[in-house]
Amino acid sequence: KVAIKGIERELICPACKELFTHPLILPCQHNVCHKCVKEILFAFEDSFADAGSESSNQSSPRIKISSPSTDRIDRISRSGTKRNSLTPRSSLFPCPGCQRDIDLGERGINGLFRNFTLETIVERYRQAARAAIAIMCNFCKPPPQESTKSCMDCSASYCNECFKIHHPWGTLKAQHEYVGPTTNFRPKILMCPEHEMERVNMYCEICRRPVCHLCKLGGCHANHRVTTMSTAYKTLKEKLSKDIDYLISKESQVKAHITQLDLLLKETECNSERAKEEACQSFEKLSHVLEERKSAALRAIEASKNLRLEKLQTQAEEYQGLLENNGLVGYAQEVLKETDPSCFVQTAKQLHVRIQKATESLKSFRPAAETTFEDFVVDIAKQEEILGDLSFHSNGLEIPEINEKQSKMYNKALISWECPGKTDSADIYVLEYHKLNREEETTTWQEIEVCSKSKIISDLDDDSSYAFRVRGYKGSICSPWSREVVLRTPPAPVFNFLFDDKCGYNSEHLLLNPGRTSVESRAGFPLLLGSDRMQVGCYTTLDYIIGDTGIAKGKHFWAFRVETYSYLVKVGVVSSNKIQKLFHNTHDVTSPRYEQDSGHDSGSEDAFFDSSQPFTLVTLGMKKFFIPMTPAAPKDPASRILPLPSCLGICLDCDKGKLAFYDAGCMKCLYECNVDCSGVMYPAFALMGGAAVHLEEAVTAKYSEYHDDI
């Protein structure tokens, strides 16, 4: 038998790191104290309510949990909250054992089973650990006596005298089950937490938990495969016994592995010390180089200082001689006292030259040396950046590359990367990014640690360019930085909407997907019938569809994709007071030369874009983007035809009355025009023939997980 004191590791709660107290079995099969489950849920809800506060996750003194991620907050906001204020409201529980969010279901904590078997083992461990500590009677008057037995029906401990008093002969209490002194009281019958009056008598093989017959008949386990409790007991006990016997039979192999692990521990200690010594030597070499450069720089500054001081001192002494009765002036005053002309002329000539030079220097004074040492400022910007990247580089660790095709800038930034070699992948990645700003002299990178190969970044500024780079880490070894990739955010906040399936929607010609994010025109039998009725020409009207949400003010951006096989698609905006004209407009035909009144060719392809039309649309089709004819547009028709981007964006500025069309891949403006924003503006689309439009999917946590799977 395994010694009870040797299994303490299995009896520790992963949340509070103490022995289990009333452990609950989570759906992921991990055990957590009942008190810890409530504390974690309360703390998790507090941090959800105050996600921006640094102190929001300090509500429990026993447990520390991090602030919730964006995807966790999204899931919590969608989960039901059918609890009162005394119990946690969230049905999501961050398991401290597997670090995953576990759905507790509608009943939350009340739907979890207590692990009575684990409670019993913990109690036996406690008794073995505190054999000298007695369990006292719960009913004795002070001072209490040591208990001699515990009643499982009363969930209390008694001394001999108190037991006789509370369990008199001839009463029902005399038939209660009693055991030796214990603090672990478990019910005789395990009841269903969802149907409290029903005992569990079956085992759900799908959910791996006991259930009652009501759960199977009409509950959440109705379509699950279940078995009887006795069969499950027998089967699981046989499997567990077989696995334990196998492990015991491999005792020699386990001991060999333990011996090998002990050697690896010692080897790791030795290798780490050796690595520390090598690192110290490397840094000492750098220190020696820096000390030498420091000494050389200080010597140069000192030599320059002495030379400048010498020049300035000499100049000061020369000017000192210009004072009365001092130096040169004093000497000249003495020469003036000479009365012999020949002797005076002999001395005065040279003296006069010196006096003239002194007079000139006095008129244009200039110090003999500079006092500043600007030429001796050490530029360490590059060295500082190199030292900041100083780490353990490995030639075996692949340099990750940012995948620009999978990366995306929309409502948030999704940055994806991959390792070209697909081998020796890193354990963790560090993604850095910064906003490109010409005004800032220094670059400050923001750093994020990522465990996957993609990351969603929020709160980026609109209409801005950002540089991204990534490196991989495996233990203490890191790869070099990847090539920097520059991506641009949309020019305005992203506007979310769906296609409207009510206002003017023609279900005979257009087909919407269930989520109303894609629309396709049916180039089938109804279109042929419509063309058949036109005996002269081929003037078939477009089928229009608008967004279900309008814009009244501000600046907004949305993006979509047009299938490459699309023959004719028009995109733009329509005002609320002109929607009726949009769906009942008979002028809108496929022929650019059609004129209703004249009955002949009007040559309208040479006319300018009609600004009085009830809506503003541009034409797409056959993998081309057609710039409308305006006075500012190029005269050459070929220059007005651009390749159709894989993703097209529209930016509407209601305040300025501007409508712009973008290549959403690089956020480059293709065409801009004025638009009347007097009413509520709706995104508008028109399709004819074989064509399809797909609204761009917003970047969410689910979007990131999908790309990680790819």
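Reader: Which helix is leucine 387 found in?
Author: Leucine 387 lies in helix α10, which covers residues 381-388; helices here are DSSP runs of H or I with at least four residues, strands are runs of E with at least two, and both are numbered from the N terminus. This is a predicted model, in which local features need pLDDT of at least 70 and side-chain atom pairs count only at pLDDT 80 or more, while totals for chains, interfaces and linings use all residues. Residues are numbered from 1 along each chain as its sequence is written, and side-chain values use heavy atoms, with hydrogens and water left out.

Reader: Which residues make the nonpolar surface patch?
Author: Phe283, Leu286, Leu387 and Leu390 make that patch, with an area of about 370 Å², computed by the Shrake-Rupley method with a 1.4 Å probe, only the protein chains shown counting as cover for residues. Patch residues have over 30% relative accessible area and no salt bridge, with like charges joined within 9 Å and nonpolar side chains (Val, Leu, Ile, Met, Phe, Trp, Tyr) within 5 Å; a salt bridge puts a side-chain nitrogen of Lys or Arg within 4 Å of a carboxyl oxygen of Asp or Glu.

Reader: Switching to cysteines, how many disulfides does the count come to?
Author: The count comes to zero, a disulfide being a pair of cysteine sulfur atoms within 2.5 Å. Cysteine 13 is in none, with the nearest cysteine sulfur, that of cysteine 33, 3.8 Å away. Cysteine 677 is likewise in no disulfide, and its nearest cysteine sulfur belongs to cysteine 654, 4.4 Å away.

Reader: Why does cysteine 677 count as buried?
Author: Cysteine 677 counts as buried because its relative accessibility is 16%; cysteine 13 is buried too, with a relative accessible area of 0%.

Reader: What about serine 416, which strand is it in, and what does it touch?
Author: Serine 416 sits in strand β15, residues 413-418, and is buried at 2% relative accessibility. Leaving aside residues up to four places away in sequence, serine 416 touches Glu401, Ile402, Asn403, Gln406, Ser407, Lys453 and Ser454, a contact meaning heavy atoms within 4.5 Å.

Reader: Last one: what share of the chain counts as buried?
Author: Of the 710 residues of the protein chain, 34% are buried, and the chain's secondary structure comes to 13 helices and 34 strands.

Methods. Buried means under 20% relative accessible area, exposed over 50%, partly exposed in between (1.4 Å probe, protein chains only).
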